[in-house]
Amino acid sequence: MLNRITLAQACEMATADLAKLEPELLALLLEDVAALKASAKKADDAIHAALHHRYGDEAAAKRREKNVDTGTIRIDDAGFVISADLPKRVEWDQEGLAQVERTLAEMGEPIAEYIKLKRDVSELAYRGWPSSLKKLFDPHRTLGVGKPTYKMAPKGE
């Protein structure tokens with residue numbers, strides 16, 4: 001039978017000593033770490049769901065006031081500033097981009113300046129293009145939003 005150690009004990013051990021542990025003990029420690037990560041993720045998801053429940057509607061209303069669909073909104077609540085971020089998520093249709101690539105080649109345009117090897121388009125670059133060029137790409141672009149996130153800090157920090 002092995003003398004099991006805790007994660008706290010493992011953290012206090014020198015790397016060389018930790019490396020000398022039996023594989024079974026290392027495997028048990030990895031299982032403990034995985035369980036801890038899963039528990040932390042579950043707690044993080046629950047807290048962020050609660051923050052979204054509490055501040056999501058107000059953040060959405062403030063975005064509507066600013067006439068934006070995504071981005072960070074700040075909300076004051078009981079001495080705290082809540083940063084409610086709703087990131088932009090852009091996806092590109094790969095088959096459509098392949099057609100755009102062929103069209104650009106026929107036009108003599110340098111494809112590498114517009115399309116990355118994995119057929120992804122830089123959103124920053126896209127925003128700076130003339131509308132005539134954007135029209136080639138627009139049918140293959142889907143704009144969505146990412147997962148809302150919230151941060152809290154005492155006011156004044």
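Alanine 78 is exposed in this predicted model, with a relative accessible area of 73%. The residue is found in the loop between β1 and β2, the latter spanning residues 80–86, and its phi is near 50°, a positive value in a residue other than glycine.

**Overall architecture**

The secondary structure of the chain comes to six helices and five strands, and from the N terminus on the elements run α-α-α-β-β-β-α-α-α-β-β. The radius of gyration is 25 Å, well over the 15 Å that the globule rule gives for 157 residues, so the chain is more spread out than a compact globule. Taken along the principal axes, the box filled by the C-alpha atoms is roughly 70 × 45 × 25 Å.

Buried residues make up 22% of the 157 residues, and the accessible surface of the chain comes to about 11200 Å², of which carbon and sulfur atoms hold 55%. Among the contacts in the chain with a separation of 6 or more, 54% are accounted for by residues 24 or more positions apart. As for charge, the chain has 24 positive and 26 negative side chains, and the centres of the two sets lie 4 Å apart.

In soluble globular proteins, nonpolar side chains tend to be buried together. In this chain the largest nonpolar core has eleven residues, namely Trp92, Leu97, Val100, Leu104, Tyr114, Ile115, Val121, Tyr126, Trp129, Leu133 and Phe137. Helices α4 (94–107) and α6 (131–137) each supply at least two residues of this core, and the largest share, three residues, comes from α4. Apart from this core lies another, of eight residues, among them Leu51, Ala59, Ala84 and Tyr150.

Tyrosine 114, a member of the eleven-residue core, is found in the loop between α4 and α5 (123–128). Its relative accessible area of 16% falls under the 20% cut-off, so tyrosine 114 counts as buried. Between tyrosine 114 and aspartate 138, which are 24 residues apart in sequence, the C-alpha to C-alpha separation is 13 Å.

Helix α3 covers residues 23–65 and includes histidine 48. With a relative accessible area of 18%, histidine 48 is buried, and, leaving aside its neighbours within four places in sequence, it is in contact with Thr149 and Tyr150. Of these two partners, Tyr150 is named in the eight-residue core.

Leucine 28 also lies in helix α3, but its relative accessible area of 21% makes leucine 28 partly exposed. The C-alpha atoms of leucine 28 and isoleucine 5 are separated by 9.0 Å, although the two residues are 23 apart along the chain. Alanine 14 lies in the loop between α1 (7–12) and α2 (15–19) and is likewise partly exposed, with a relative accessible area of 42%.

| Residue | Relative accessible area | Class |
|---|---|---|
| Tyrosine 114 | 16% | buried |
| Histidine 48 | 18% | buried |
| Leucine 28 | 21% | partly exposed |
| Alanine 14 | 42% | partly exposed |
| Alanine 78 | 73% | exposed |

Note on methods: Residues are numbered from 1 along each chain as its sequence is written. This is a predicted model: local features need pLDDT of at least 70, side-chain atom pairs count only at pLDDT 80 or more; totals for chains, interfaces and linings use all residues. Side-chain values use heavy atoms; hydrogens and water are left out. Helices (H or I, at least four residues) and strands (E, at least two) are DSSP runs, numbered from the N terminus. The radius of gyration is taken over C-alpha atoms; the globule rule is 2.2 Å times the number of residues to the power 0.38. Buried means under 20% relative accessible area, exposed over 50%, partly exposed in between (1.4 Å probe, protein chains only). Contact means heavy atoms within 4.5 Å. Accessible areas come from the Shrake-Rupley method with a 1.4 Å probe; for residues, only the protein chains shown count as cover. Lys and Arg count as positive and Asp and Glu as negative; His and the chain ends are not counted. The place of a charge is taken as NZ of Lys, CZ of Arg, CG of Asp or CD of Glu. A nonpolar core is a set of buried Ala, Val, Leu, Ile, Met, Phe, Trp, Tyr and Cys residues joined through side-chain atoms within 4.5 Å.
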